[in-house]
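Subject: Structure for you, with notes

Hello,

Here is the structure, ahead of the notes. Please keep it open while you read.

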Amino acid sequence: MSTAHDPLHDLLQLLDLEQIERDIFRGTSRSALVPRVFGGQVAAQALVAAGRTVPADRSAHSLHSYFLRAGDPGAPIVYSVDRIRDGRSFTTRRVVAVQHGQPIFHLSASFQTYEAGLEHQAPMPAAPEPETLPTAAEMLPRYADRFSDPGVVDRLIEARAAVDLRYVDAPPFGTVGESREPRSQVWFRTNDKLADDPLLHVCMATYVSDMTLLDSVLLAHGRGGWAVGDVVGASLDHAMWFHRPFRADEWLLYDQESPSASGGRGLGQARIYTQDGRLAITVIQEGVIRVPRKD
């Protein structure tokens, strides 16, 4: 795989943290659509830091996290790992991300050795095949007139260049002013193959999971989102459960919905399925979503 001007290579470099002490790691940031660090990046980097202190035979099965402060994209982020527990089957880690002497993010993650057990899952919902849907580069220019800043389309395409993310239906900024069912589906996979490291695939899915999860909240109220400017907000917390093995370089269906919005907050919940119908991940996130005062 060529590394020259390769967005996926750049993202992998971003997730390849520098170890500066036994349980202390340092990461950098990439430019985002808003003047703060992308939440999915911080969550993925924190999970990388946790995973690097865990035996290789233990896979991540859950994470719970809080976004505490907006991250500064121009400054390094230091991740400090606390080895909470090393049990016979489970390993627990706590990670605090710090910038300018203050915590900006907190994550708790649990890892487990493989174990056979009871099996059932919710069925995969209907969705068109991903290859039948337009790419971001094909779809986003259609909505250029929805953004007051003409550079938003290019920045959106650049922000998603490492990941092939395809909407099943129009995104929130595609139907501004039209209230829809609070549900959204996207297919995603990385734009090239990844190494056979299970932690890498889990961290990559964590990164992508923060891109569209609150879309369904916006759809319920006919709001276009941050790029349109009819809402302002940020992620508050993020939780994921990893049920079955998957590859982030193979198509995954992200089926998202919002059961509630109130008090200036919106809740999104989702299931991520492999293309052959296995439930791989469950995700829940709450975010601040406020309507600007002029509205």
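Predicted model: local features only at pLDDT ≥ 70, side-chain atom pairs only at ≥ 80, totals over all residues.

Residues are numbered from 1 along each chain as its sequence is written, and side-chain values use heavy atoms, with hydrogens and water left out.

Two helices

Helices (H or I, at least four residues) and strands (E, at least two) are DSSP runs, numbered from the N terminus. The expected span of a helix is 1.5 Å times one less than its number of residues. Buried stands for under 20% relative accessible area, exposed for over 50%, and partly exposed for anything in between (1.4 Å probe, protein chains only).

Helix α2 covers residues 39–51, and its 13 residues reach 18 Å from the first C-alpha to the last, close to the 18 Å expected. Because 13 of the 13 residues of α2 are buried, this helix is largely enclosed by the rest of the structure.

Helix α5 (residues 198–209) has twelve residues, which should span 16 Å; the end C-alpha atoms are 17 Å apart, which agrees. α5 is mostly covered, with ten of its twelve residues buried. Among the buried ones are Leu200, His201, Cys203, Met204 and Tyr207. The N-terminal end of α5 is capped by Asp197, which places a side-chain oxygen 3.1 Å from the backbone nitrogen of Leu199.

Contact, or touching, means heavy atoms within 4.5 Å.

Thr206 lies in α5 and is buried, at a relative accessible area of 0%. The side chain of Thr206 reaches back to the backbone oxygen of Val202 at 2.8 Å. Not counting residues up to four places away in sequence, Thr206 touches Gly40, Ala43, Ala44, Leu47, Leu63, Met240 and Phe242. His238 is 32 residues from Thr206 in sequence, and their C-alpha atoms are 9.5 Å apart.

The cavity

On a 1 Å grid over the protein atoms alone, a cavity is a set of points where a 1.4 Å probe fits but cannot get out; lining residues have an atom within 4 Å of a point. Grid points are joined across faces, edges and corners, and a volume is the space filled by probe spheres set on the points. The count by this rule is one cavity of 30 Å³ or more. The largest cavity holds about 40 Å³ of space.

Its lining consists of Tyr167, Asp169, Ala170, Pro171, Arg180, Arg183, Ser184, Gln185 and Leu219. Strand β8 (residues 183–190) gives the largest share of that lining, three residues. By type, the lining divides into four nonpolar, two polar and three charged residues. Here Ala, Val, Leu, Ile, Met, Phe, Trp, Tyr, Cys and Pro count as nonpolar, Asp, Glu, Lys and Arg as charged, and the others, Gly among them, as polar.

Ser184 is found in β8 and is buried at 7% relative accessible area. Leaving out residues up to four places away in sequence, Ser184 touches Tyr167, Asp215, Ser216, Leu219, Tyr254, Asp255 and Gln256. Ser216, in helix α6 (residues 215–220), is buried with a relative accessible area of 0%. With the same exclusion, the contacts of Ser216 include Pro182, Arg183, Gln256 and Ser258.

Tyr143 sits in the loop between α3 (136–139) and α4 (152–159) and counts as buried at 13% relative accessibility. Beyond four places in sequence, Tyr143 touches Ala170, Pro171, Phe173 and Gly174. The C-alpha atoms of Ser216 and Tyr143 are separated by 18 Å.

The end of β5

Gln99 is found in strand β5 (residues 90–99) and is buried, at 3% relative accessible area. A polar atom of the Gln99 side chain lies 3.5 Å from the backbone oxygen of Pro76. Neighbours within four places in sequence aside, Gln99 is in contact with residues including Gly71, Asp72, Ala75 and Ile104.

His100 lies in the loop between β5 and β6 (102–113) and counts as exposed at 63% relative accessibility. His100 has a positive phi of about 50° although it is not a glycine.

Regards

Terms used:
Polar contact = N/O pair within 3.5 Å; in protein donor to acceptor, adjacent residues only side chain to side chain. 1 Å grid on protein atoms, 1.4 Å probe; cavity = no way out; pocket = protein on both sides within 12 Å on 5 of 7 lines; lining within 4 Å.
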